[in-house]
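Subject: A structure for you, with notes on its salt bridges

Hi there,

Here is the structure I promised to pass on. Please open it alongside this note, and I will walk you through what turned up.

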Amino acid sequence: MSSITKEGAKQKFEFIEKKSKSMMALRKIRQFEEDFDAPVFCKEAQDIYIKIHELMMNREKYKIREYLTERAYPEVMHNTRDKTIHWKFLKSLDYPKLVHARCTEMISKDNIFAQVTVRFHTQQILAIYDRFGRLLHGSEILAKDVLEYAVFEKHLTHEYGKWRLHEKIIPDWMPAKEPGPVTYRVDDTPPPVPEPTQEEATDSVAVTSSADGGKQVATA
């Protein structure tokens, strides 16, 4: 929006406010990581991003915990269940960029977490198959340009804390993706006919022959 309008001035003020908060958060991170540098971290974040997708493709459900937070892990495992994933990172269309940073205290002042949002603009190949080998999404031939914003989190006050993927940001204005078709196996074998129980046998109609050769129907 134009900065001379009321909405544009408000947008400009919010941008400056968010940028100042991100700078303060980066200063807080450097208190625990003296050598923290945004461009270097973005390269490390891209390596984590690639590693996670490779582990998803290879179904390394235990090793992937090193790169995902406790919030992201169950969601990733749910989305990959009963699926075969073929994924390949081709190239970066733009350098990964740090666009947002925040630090917050949890429960006590000595328990600090940091979250950093990184912008990725890459070219990838993705194909997802169901458990029967049928294609659900994507293609193994066509490459797609992907623009994503990923949030990485670190427990700063933890001695062995490391940066891990927390979530991917999905804008509110983006239309929801259509759910994948639910597939199932059709069994051609006819179901077995159950044998009648004793009660059903006693309640059935008994057919007896009469003395003159006719049929007489009696109900038990």
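Glu-167 is partly exposed, with a relative accessibility of 30%. Please keep in mind that this is a predicted model. The partner of Glu-167 in a salt bridge is Arg-71, with 3.4 Å between the closest N and O atoms. Since Glu-167 sits in strand 4 and Arg-71 in the loop between helix 2 and helix 3, this pair ties together parts that are 96 residues apart in sequence. Arg-71 is partly exposed as well, at 43% relative accessibility.

What does Glu-70 pair with? It forms a salt bridge with Arg-164, and their closest N and O atoms are 3.2 Å apart. Glu-70 belongs to the loop between helix 2 and helix 3 (72-79), while Arg-164 belongs to strand 4 (residues 164-168), so the two tie together parts that lie 94 residues apart in sequence. Glu-70 is exposed, its relative accessible area being 60%.

Lys-43 is partly exposed at 45% relative accessible area, and Asp-47 is partly exposed at 39%.

In case you want to find the others, a search of the whole structure gives 8 salt bridges.

Methods:
Residues are numbered from 1 along each chain as its sequence is written. This is a predicted model: local features need pLDDT of at least 70, side-chain atom pairs count only at pLDDT 80 or more; totals for chains, interfaces and linings use all residues. Side-chain values use heavy atoms; hydrogens and water are left out. A salt bridge is a side-chain nitrogen of Lys or Arg within 4 Å of a carboxyl oxygen of Asp or Glu. Buried means under 20% relative accessible area, exposed over 50%, partly exposed in between (1.4 Å probe, protein chains only). Helices (H or I, at least four residues) and strands (E, at least two) are DSSP runs, numbered from the N terminus.
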